[in-house]
Amino acid sequence: MASVVSDKRGTYVDLEGHTVRKYDFLQLSKIPRLEFDDPNVESIIANEEPVLLVNSNIISSALKWDLDYLKKNLGAGSFSVYSSKTCKFMYYDEKRAKQWPYFIPPTQRIHMKFEEFCSRVRNLKASDSRVYLQQMLDDSVGKNIVKDFLEFKWQWLTEMQRKMNWGSLTSNLLLIGLPGNITPVHYDEQQNFFGQLTGFKRVILFHPDQFKCLYPFPLYHPCDRQSQRFPKLKELKGYEVIVGPGDVLYIPMYWWHHVESTMNSGITTSVNFWFKAGPTPSQITHPLTAQQKVAVMRNIERMLGEALGDPHEVGPLLNCMVNGRYT
Ligand SMILES: CCC[C@@H](CC(=O)O)C(=O)C(=O)O
Ligand SMILES: [Zn+2]
C-alpha cells in the first residue's frame, strides 16, 4: 500500500514517486504510455481514447519555459491570473455569472504583469490566496517565445488534426500553477493535446459515459461542464496518469478530467492545444456513443431554455417530465 501522509491540508499518497491527493475512487486504471510515433497511437486517438505520448518532443522547444525564462521573454503584457482561497480553480463563465442569481464566483480573475505573478508565487505565504496563471498565447508575447512556439512539432500536430478530421486549432493556453493547485473535474467540447513543460501533474480521467455519476451543472449555469459533486464515488471507473516534462496527453473531447499539480512538483507549466470538433458524421449509427448522448442532452437543455424563454424554468420542466414517469 503506498505510504499515506495526512496533514491539515488533507491526505496524500505516493504515486510513482509523486505526492498526490488520496481519493477513495476504487477503480483507477492506467492510460497507455506510447512513443508518439508508435503505430497504435493513431487508432487510439481515432477511437477518442486518452493516450500519453512520451519522448514526443512535440513541445521540447518549450521545456525551458521556467519562471526566469518566461519573465525575460513573455513580454510586457498583462496576463490572466486566477486567485482562489482554496486549492481549487473551477472554471466559470463570467458573462453568465452576472445573470445567475446568488452565484458566488469560486475564483477571482486578475490581470497582472508577469513580474507581479512571479513575486506572488515566490513570496506566497500559507495564508495567501493561491494563484494560477491561465493565459491564451497570442502574438503579443516576446520573440523568443514565438520562436519556441514555432519550433513545436507542427507537422505532426497538423497531420493528426487532418487525419482525425478535427476542426481548427482554437487556442493554446499557457498554464502556470503552484504545487497542489487543482482544476476540478470537468469536460471540454474540444479535442486537447495537453503538453507538460515543467513540473508534474496528476490527471484523473473519466469516460463520457460516467456522466450519470458526475452531475454537471445545468447548461445555462456559469459552471456548465463542471461537475457539481461526487456522490457515487464507488461506481466511478477512472483512469490516472502522471504527466511530466515533455509528455503530451491526448484528452479526448467530452472526457471528464481532474488535473492537480503534484504536491512535490514545484511550479508547473503546461501548454495545451485545443482543436474544434470535426463535422457531425453524415451517417449517424445507433446506439449513439456516450459523447453523442452528451451532445443530445446539451441540445435538449439549450432548446428548452430557448423555448421556455427562461433558463430557470428548464429544471422544473425536466423534473415534471421525468420524475415518477421514467423511473
Ligand atoms: C483551464 C484549463 C486547465 C487544464 C487543466 C490544468 O492544467 O489545470 C484543462 O482542463 C485543459 O487543458 O483542458
Ligand atoms: Zn479541461
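This is a predicted model: local features need pLDDT of at least 70, side-chain atom pairs count only at pLDDT 80 or more; totals for chains, interfaces and linings use all residues.

Reader: Metal first, then. Which protein atoms are the donors of the zinc ion (ligand 2)?

Author: H186 through NE2, D188 through OD and H257 through NE2, lying 2.1 Å from the zinc ion.

Reader: How are those donor residues spaced in sequence?

Author: The pattern is H-x1-D-x68-H.

Reader: And H186, buried or exposed?

Author: Buried: its relative accessible area is 8%. D188 counts as buried too, with 9% relative accessibility.

Reader: What does β9 pair with?

Author: Strand β7 (residues 78–84) pairs with β9 in the antiparallel sense over 4 bridges, and S84 stands opposite R130 of β9. Strand β10 (residues 169–177) also runs antiparallel to β9, joined to it by 5 bridges. There, Q135 has L174 of β10 as its bridge partner.

Reader: What about β1, β2 and β3, in what order do they sit?

Author: They form an open antiparallel sheet in the order β1-β2-β3. β1 (4–7) and β3 (18–21) are the edge strands, each pairing on one side only. On average, neighbouring strands of this sheet are turned by 35 degrees against each other, ignoring direction.

Reader: How many bridges join β2 to β3?

Author: 4, with β2 covering residues 10–15. L15 stands opposite H18 in β3.

Reader: Now helices. Which residues of α1 are buried?

Author: In α1 (residues 39–46), the buried ones are V41, I44 and I45. They cover an arc of only 95 degrees around the axis, so they lie on the same side of α1. P39 and A46, on the other side of α1, are exposed.

Reader: What covers the buried residues of α1?

Author: The cover includes strands β5 (33–35), β6 (51–54), β12 (191–198) and β15 (248–251), along with helix α6 (154–163).

Reader: And the ends of that helix, what's going on there?

Author: At the start of α1, a side-chain oxygen of D38 comes to within 2.6 Å of the backbone nitrogen of N40. Just after α1, E48 has a positive phi of about 55 degrees.

Key: Residues are numbered from 1 along each chain as its sequence is written. Chains are lettered from A and ligands numbered from 1 in the order in which they are written. Side-chain values use heavy atoms; hydrogens and water are left out. Donors are N, O and S atoms within 2.8 Å of the metal (3.2 Å for Na, K and Ca); water is not among the atoms, so sites may look incomplete. Buried means under 20% relative accessible area, exposed over 50%, partly exposed in between (1.4 Å probe, protein chains only). Two strands pair if DSSP finds at least two bridges between them. Helices (H or I, at least four residues) and strands (E, at least two) are DSSP runs, numbered from the N terminus. Axes are lines fitted to C-alpha atoms, for helices over the stretch in contact, and angles run from 0 to 180 degrees between N-to-C directions. The arc is that of the directions from the helix axis to the C-beta atoms. Contact means heavy atoms within 4.5 Å. A polar contact is a pair of N or O atoms within 3.5 Å; within protein, one must be able to donate a hydrogen and the other to accept it, and residues adjacent in sequence count only if both atoms are side-chain atoms.
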